[in-house]
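Visitor: I am new to reading protein models. Could you walk me through one, feature by feature?

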Amino acid sequence: MKFICIGRNYTEHAKELNNAVPTEPVIFFKPETALLIGRQPFFYPEFSKDIHYECEIVVRINRLGKNIQKKFAPRYYEEIGLGIDFTARDLQNDLKSKGLPWEKAKGFDGSAVVGNFISLNSLKNKDNIEFQLLKNGKVVQQGYSKDMIFNIDAIIEYVSMFVTLKIGDIIFTGTPAGVGPVAIGDQLEGLLEGTSNFTLHIR
Ligand code: ZN
């Protein structure tokens with residue numbers, strides 16, 4: 001499996017990092033070894049001094065597909081969850097300033113936290129999914145899926161022009177504003193429509 005990640009998919013987040021609002025999706029990948037199942041601890045890596053959380057809606061692909069039209073995209077997923085796209089912001093800023101790829105800052109072990117997947121049909125409002133990230137019990141990110149610049153179906157259409165989507169692939173759909181650093185000892189909890197979806201400790 002692979003992780004397909006969308007960058008700058010919420011206007012307010014693009015602005016907070018001084019990035020332009022994109023006219024087409026920004027995509028990058030994480031390897032399978034980045035997976036961290038919610039409830040396992042995240043071990044702060046030695047190569048960074050500025051690890052940031054980015055809480056995002058994650059989508060699991062349940063059907064093989066390529067060149068998927070937007071109108072058919074809903075056939076390719078039926079479950080979503082929450083995740084964290086951990087980012088070594090210091091490394092990323094250095095890579096960005098040199099025009100280099102982000103993988104080192106985005107694809108390291110444990111950088112793709114994935115919580116529980118739940119059926120879209122069980123959501124109260126699947127057209128505007130509400131989610132929050134709590135750091136040590138305080139809300140630090142609040143997101144609504146309708147604020148995405150490119151929605152899930154548009155992402156599937158765009159990404160599948162370039163890469164085949166396989167069963168089990170996971171899409172990170174971008175983070176709303178409010179990203180920030182974590183420190184050893186912090187606890188993060190993601191809430192999907194008010195229900196706990198993952199918790200993890202920074203060690
Ligand atoms: Zn992200």
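Guide: Start with pockets. On a 1 Å grid over the protein atoms alone, a pocket is an open set of points with protein on both sides within 12 Å along at least five of seven lines, and lining residues have an atom within 4 Å of a point. One caution: this is a predicted model, where local features need pLDDT of at least 70, side-chain atom pairs count only at pLDDT 80 or more, and totals for chains, interfaces and linings use all residues. Residues are numbered from 1 along each chain as its sequence is written, and side-chain values use heavy atoms, without hydrogens and water.

Visitor: Which residues line the largest pocket?

Guide: The lining includes Pro74, Tyr77, Leu120, Lys126, Asp127 and Met148. It divides into 6 nonpolar, 2 polar and 4 charged residues. Ala, Val, Leu, Ile, Met, Phe, Trp, Tyr, Cys and Pro count as nonpolar, Asp, Glu, Lys and Arg as charged, and the others, Gly among them, as polar.

Visitor: What volume does the largest pocket have?

Guide: About 280 Å³. A volume here is the space filled by probe spheres set on the grid points, which are joined across faces, edges and corners.

Visitor: Now sheets. How do I read one?

Guide: Strands of a sheet pair through backbone hydrogen bonds, either parallel or antiparallel. Strands are DSSP runs (E, at least two residues), numbered from the N terminus. Two strands pair if DSSP finds at least two bridges between them. In this model, 4 strands form an open sheet in the order β11-β10-β14-β15, with antiparallel pairing. β11 (138-144) and β15 (195-201) are at the edges with a single partner strand each, so one side of each has no neighbour in the sheet.

Visitor: How many bridges join β10 to β14, and to β11?

Guide: β10 (residues 130-135) pairs with β14 (residues 187-192) over 5 bridges. There, Leu134 has Glu189 as its bridge partner. β10 and β11 pair over 6 bridges. Their hairpin has 2 residues between the strands, and Asn136 takes a positive phi near 50 degrees.

Visitor: Which residues hold the zinc ion's protein donors?

Guide: Donors are N, O and S atoms within 2.8 Å of the metal (3.2 Å for Na, K and Ca); water is not among the atoms, so sites may look incomplete. Here they come from Glu54 (OE), Glu56 (OE) and Asp85 (OD), 1.9 to 2.1 Å from the zinc ion. Glu56 lies in β5 (residues 55-61) and Asp85 in β6 (residues 77-85), so the pair ties together parts 29 residues apart in sequence.

Visitor: Is Glu56 buried or exposed?

Guide: Glu56 is buried, at a relative accessible area of 1%. Buried means under 20%, exposed over 50%, partly exposed in between (1.4 Å probe, protein chains only). Asp85 is buried too, at 0%.

Terms used. On a 1 Å grid over the protein atoms alone, a cavity is a set of points where a 1.4 Å probe fits but cannot get out, and a pocket is an open set with protein on both sides within 12 Å along at least five of seven lines; lining residues have an atom within 4 Å of a point.
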